[in-house]
Amino acid sequence: MTSSEMWGRDAAERYDAEETEMTSAPVLGATVGFLAELAGDGRALEFAIGTGRVGVPLRERGVPVTGIELSEHMAAVLRRKVDEDTLPVVIGDMATTVVPGEFALVYLVYNTVSNLLTQDEQVECFRNAARHLRPGGRFVVELGVPPLRFLPPGQVAVPFDVSERHLGFDTIDPVEQILVSHHFARDGEDGRYRRGASRHRYAWPAELDLMARIAGLERERRVADWDGAPFTQDSPKHISVWRKSA
């Protein structure tokens, strides 16, 4: 069992169309290049592979990819892009599901580790990554930095997108480390907005480093984006790489 909220059919069908920035050539090119370099001539395992936004182009790059995905609806969208023999997907949660073999790379992108809403489950996710890695293999996580610096006293909401077709803001519970992302997206041209929300457990980079140590992994690298920019106190997210001892 997992605390992750399930992506339903409607959300899965809309996902690719709503994530145009994340599916753009500059973003995907840098992401796939970063991961392909780490995978080398080995296999890669993507936790929460979703519709295959990253897994499919990484496979096209020549890296054998296997996926784990909780939502059958998201996996069904992926399956329209590539067949099971080319990119196998196991339905299950990323904290406990085990697939056969060892991997040079396990990766988890676009804040998805925060879908696990308890610290214990996030620790188990790191342990599951380590379980699948061959000696010397790497675990990669892309995660936003909690935006607590933007919260003045008495305020609980932080806007992250104000555009013509989308309004987005996060509400934050700093005691439970729970962040709720609220979305108002305009459907069609009639001016109506569709409301959605998702819960996340945020974690600081140092907390993730401790989870990695518990799992037997050692931090190798932390950068601000897939292009490798330095991670600083002003970085809104990080790409972290941990290595399993040889």
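Accessible areas here come from the Shrake-Rupley method with a 1.4 Å probe, and for residues only the protein chains shown count as cover. The structure is a predicted model, in which local features need pLDDT of at least 70, side-chain atom pairs count only at pLDDT 80 or more, and totals for chains, interfaces and linings use all residues. Residues are numbered from 1 along each chain as its sequence is written, and side-chain values use heavy atoms, with hydrogens and water left out.

**Exercise 1. Describe the protein chain as a whole.**

Step 1. Start with the surface: the accessible surface of the protein chain is about 12,300 Å², and 52% of that belongs to carbon and sulfur atoms.

Step 2. Now count the elements. The chain has six helices and eleven strands (DSSP runs numbered from the N terminus: helices are H or I with at least four residues, strands are E with at least two).

Step 3. Check the radius of gyration, taken over C-alpha atoms; the globule rule is 2.2 Å times the number of residues to the power 0.38. For 246 residues, a compact globule would have a value near 18 Å, and the protein chain agrees because its own value is 18 Å.

Step 4. Look at the inside: 47% of the 246 residues count as buried (buried is under 20% relative accessible area, exposed over 50%, partly exposed in between, with a 1.4 Å probe and protein chains only).

**Exercise 2. Explore helix H6.**

Step 1. In H6 (residues 205-214), the buried residues include Pro205, Leu208 and Met211.

Step 2. Their cover includes H5 and the strands E5 (133-144), E9 (193-201), E10 (217-223) and E11 (237-244).

Step 3. What follows H6? Gly216 does, with a positive phi near 85 degrees.

Methods:
Contact means heavy atoms within 4.5 Å.
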